[in-house]
Amino acid sequence: MPFVPVLLGTTREANKSAAVARAAHKLLQDLGADSQVLDIGDPLIPPLVERRRMLDQVDPAVEAHGQALDRADALVVVVPEYNWGIPGVLKNALDHFLPELKRKPVGVIPVSAGGGGGRCALVQTRTVLSAMGMVVVPETCLIAQVHRLLDDAGEIGEPDTLKHMGRVVEQVLWWEHAARLKRAVSDDTPSR
Ligand SMILES: Cc1cc2nc3c(=O)[nH]c(=O)nc-3n(C[C@H](O)[C@H](O)[C@H](O)COP(=O)(O)O)c2cc1C
């Protein structure tokens, strides 16, 4: 069973992206994956002093997230759009890592309050993840006006949104399977 965590890309206390991350987590489980929401605010990833792989003494929060990312076969990133871009805390969190993520498939789901669906955050996040050697799947799901999609329990219950999110998740699992088959033939994944 593949392990596919969902990285929540904000530390904002009242964030609405967590509901999207929970929905993605559930979709992954429904499709047979092992999953968990990785919240960069819990434990809080500190500002970068040096990358995890360069350190003898690693901050416990960085180590906890690093071990989960090491274990991950693929990833889904939920990114809210802040000022037409990727939240600084998410970029900081990602900068701690690289071999933990290299050559792993990733789907990006952007979230916004406005009507644009977080398109700018999507483009920036894709660029960053590609630079880190991840395989960004083409499918995405722009979550616009997220506050309108939450039900009384604060969850994403809107069927169309879940359907579109499901397509992203399915594609991530497809690429995870492809990567798994490749490794079975010859595992030349760069050492971590
Ligand atoms: C610092 C900051 C900047 C924001 N900039 C944008 C923006 O550029 N475009 C937009 O549609 N919404 C913007 N928003 C609203 C968020 O998209 C909105 O809060 C949405 O719920 C997703 O973020 P959240 O997960 O933090 O709630 C901004 C919110 C914050 C906190």
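Because seven of the seven residues of S4 are buried, the strand is largely enclosed by the rest of the structure. In a regular strand the side chains alternate between the two faces of the sheet.

## Basis of the model

The model is predicted: local features need pLDDT of at least 70 and side-chain atom pairs count only at pLDDT 80 or more, while totals for chains, interfaces and linings use all residues. Residues are numbered from 1 along each chain as its sequence is written. Helices (H or I, at least four residues) and strands (E, at least two) are DSSP runs, numbered from the N terminus.

## The sheet

An open sheet is formed by five strands in the order S2-S1-S3-S4-S5, with parallel pairing, where two strands pair if DSSP finds at least two bridges between them. S2 (37-39) and S5 stand at the edges with a single partner strand each, so one side of each is left without a neighbour in the sheet. Helix H5 (residues 159-185) packs on the sheet and touches S3, S4 and S5, contact being C-beta atoms, placed from the backbone, within 7 Å.

S3 and S4 run parallel and are joined by six bridges, and Leu75 has Val106 in S4 as its bridge partner. S1 (residues 6-8) pairs with S3 in the parallel sense over three bridges, and Val6 stands opposite Val76 in S3.

## Helix H4

Buried residues of H4 are Ala121, Leu122, Gln124, Thr125, Arg126 and Leu129, and their cover includes strands S3 (75-80), S4 (105-111) and S5 (135-136). Just after H4, Gly133 takes a positive phi of about 90°.

## Backbone exceptions in loops

Most residues other than glycine have a negative phi, and most peptide bonds are trans. A cis peptide bond, with omega about 0°, joins Asp42 and Pro43, and Pro43 is placed in the loop between S2 and helix H2 (60-71).

Trp84, in the loop between S3 and helix H3 (88-95), has a positive phi near 60°, and because 14 C-beta neighbours lie inside 10 Å, Trp84 counts as partly exposed. Gln145, in the loop between S5 and H5, has a positive phi near 45°.

Terms used:
Buried ≥ 20, exposed ≤ 12 C-beta atoms within 10 Å, placed from the backbone. Contact = placed C-beta atoms within 7 Å. Axes fitted to C-alpha atoms, helices over the stretch in contact; angles between N-to-C directions.
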